[in-house]
Amino acid sequence: MNNILLEVSNLRTSFYSHLGEIQAVRGASFQLEKGKVLGIVGESGSGKSVSALSVMGLIQEPGKVKEGSVINFLGRDLTSLSNKAMSKIRGNDISMIFQDPMTSLNPVYSIENQMVEVIQRHQTITKKAAKERAVEMLKLVGIPQPEKRIKNYPHQFSGGMRQRVMIATALSCNPQLLIADEPTTALDVTIQAQILELMKDLKTRISTSIIIITHDLGVIAEICDNIVVMYGGTIMETGTEQDIFYNPQNPYTVGLHQSIPKMNVDEKARLVPIKGSPPDLLHPPIGCPFAGRCPHAMQICLEEQPPTFSISENHTSACWLLHEDAPKVGDYITAEVVSE
Amino acid sequence: MGRYFFRRFLYSLLTIWLIASVTFFMMHAIPGGPFTREKAIPDEILRVIEAKYNLDAPLYEQYFDYLKGLVTFDLGPSFQKVGTSVNDLIVAGFPNTAKVGFFAILAIIVIGVPVGIVSALKQNKPLDYIVMFGATLGVTIPSFVIATVYIYIFAGKLGWVPPFGLRNAVSYIGPMIALSGYSLSFVARLTRSSMLEILRADYIQTARANGLSEYSVIAKHAVKNAVIPVITYLGPTIAAIMTGSFVVERIFAIPGIGRYFVESVTNRDYTTIMAVTVLYATIYVFMVLLVDIAYALVDPRIRFEKEKA
Ligand SMILES: Nc1ncnc2c1ncn2[C@@H]1O[C@H](COP(=O)(O)OP(=O)(O)OP(=O)(O)O)[C@@H](O)[C@H]1O
Ligand code: SF4
Ligand SMILES: [Mg+2]
């Protein structure tokens, strides 16, 4: 299987605050194949951004990617690289765009200045060539009159346009991987749709693999090949888009489904938010992080973290319901344990 | 933009005129005059003196004479220092104040800003604690204490510097420290806190995510944003320093303009008070204008707002 671009194994990232260790990510493992789109979904605070920033090597003090975590990118373990070595990979091999385009561009430099700097950082080309490249990228992401607009400053663009600029910059050095952390959350609904449309379009036109992070399953429904469901710093379920949408094997995923609006269902079918709140990451539960809110929680869920069960080749779920001794509820099946 | 600043320039002139007028009328509204003494001067003598300085003329006439003087840079005779004009006082005093002030301002910017930046980068490390301790001392110890201790140690005990005056290059050090101590410490703290805030900004994370070198992230992307509040603070500070400090000039026996100001107030030396007030106002107003220009240079958002205006 040489098709793997990124393989994250047992990622643990903590922030050492004065209150104690905040265990934001507690042993997350997932992988991404070349050319594919991976969605990471979960409620606020489930550790999605921290996972992405860990891959980028952007965890700042007092945070730390813990010993034993492996982030394998094209055969190299990124956790072993120095910050300087990582900075040559960032923006070049792996790019990232963020949630709030209004604050993600430096207000005191023009778009040209910011884009050219990134391009020249990673490629030995003239300023003129870098600018041409930047204009080309702006055109690609649908900025009208790119030659003229590139002279503008961030405040002269709308939120949606700024996110396009962010995407253009992120893709300007042909990265192998683009991580988009809630790229549409801060935008108006119509603009959200446009940005998603752009990402879908880009997916077919460039070879970059993409990770999209969202708290809204609906957002990534059509664009993702594979989906990772995160909760309380752990991976609850992974699978293809089909698996996650039509054969969810984890009560948390099912809960996420019930909490998103569906176009085709008649209005009387109310949204059901998941009751309760995410676990305290300062004192993470010993058992399943979802146990406090799960409608099917059993005694063992409180006592022991569920192992990962394999449902099919790409479909896994960490839930005791899949254990052979578990009572049969709903559509949950019995599966084999793949890892503790 | 040029038009905007031209308009601002005209407003500045208007402001100076307003301040000059308010000072003039306030001076004359307060009972007593420059020649009021505890031991009363005989009436006829007082009248002769007042006639000499035109103080018996109607107020509006005095006012227009005064304005005319301002415009032609003829600030009239000093009422207290017989035989000297206010022009003489300013010409003699201002260069000394300005020289010391210039070095003090230089120190504030060249030392205060980088120290604040480094301190922010080393947040909660020993260096940061040392710098912040020093800066806290700097804003709490009054300048006369700094000046006195400095003279006691370096002029008295060690004899490295002359105790007063501006005789050679080293003699500038003391006044410079005393004058800049507060503002330098303040600027260091302001830069530090502004820098800490900017370092958490999303676009700094973007800069890092784009793989920019840590040097560029700090020196290019963070610093330019972080100095914006410092610029705001510097405007009035520069004005205040350029018009001299009574205390510092007194302790170091610098023949500057700061002392005339205070002395003239207690002496009711109308012409000097007004001249120094107008001088202060002029420097202040133009520093504010300069701050605005600096703003526009640093921040494109402001530049575009001005263009629209
Ligand atoms: N710099 C930090 N210092 C301390 N704790 C942090 C820091 N960054 C994140 N955390 C903690 O890590 C946990 C996971 O945060 P993360 O940002 O990954 O959540 P998320 O899944 O991206 O949620 P959201 O949808 O809100 O972005 C949160 O509980 C948060 O409080
Ligand atoms: S392990 Fe238990 S608590 Fe966790 S999701 Fe499964 S059933 Fe619910
Ligand atoms: Mg997040």
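Where in chain A is the place of A:Gln145? It lies in the loop between helix 4 (127-140) and helix 5 (146-149) of chain A, where helices (H or I, at least four residues) and strands (E, at least two) are DSSP runs, numbered from the N terminus. A:Gln145 has a positive phi of about 50 degrees, although A:Gln145 is not a glycine.

Before I go on, please keep in mind that this is a predicted model, in which local features need pLDDT of at least 70 and side-chain atom pairs count only at pLDDT 80 or more, while totals for chains, interfaces and linings use all residues. Residues are numbered from 1 along each chain as its sequence is written, chains are lettered from A and ligands numbered from 1 in the order in which they are written, and side-chain values use heavy atoms, with hydrogens and water left out.

Next comes an open sheet of nine strands in chain A, with mixed pairing and the order 7-8-9-3-10-11-13-12-14. Its edge strands are strand 7 (94-97) and strand 14 (336-339) of chain A, each of which pairs on one side only. Neighbouring strands of this sheet are turned by 25 degrees against each other on average, direction ignored, with axes as lines fitted to C-alpha atoms, for helices over the stretch in contact, and angles running from 0 to 180 degrees between N-to-C directions. Helix 1 (residues 48-56) of chain A packs on the sheet and touches strands 3, 7, 8, 9 and 10 of chain A, contact meaning heavy atoms within 4.5 Å; the direction of helix 1 makes about 145 degrees with that of strand 7 of chain A. Strand 12 (residues 308-310) of chain A runs antiparallel to strand 14 of chain A, joined to it by three bridges, and here A:Phe309 stands opposite A:Val337.

In the loop between helix 1 and strand 4 (63-65) of chain A we find A:Pro62, which a cis peptide bond joins to A:Glu61, with omega about 0 degrees.

What lies around ligand 2? Among the residues there are A:Cys288, A:Cys294, A:His296, A:Cys301, A:Cys319 and A:Trp320, a residue being near if one of its heavy atoms lies within 4 Å. The shell divides into ten nonpolar residues, one polar and no charged, where Cys and Pro are among those that count as nonpolar, Asp, Glu, Lys and Arg count as charged, and Gly is among the polar ones.

Finally, chain B has 14 helices and zero strands, and its C-alpha trace spans about 85 × 60 × 30 Å along its principal axes. B:Ala253 sits in the loop between helix 11 (246-251) and helix 12 (258-267) of chain B, and its phi is near 50 degrees, a positive value in a residue other than glycine.

Technical notes: Two strands pair if DSSP finds at least two bridges between them.
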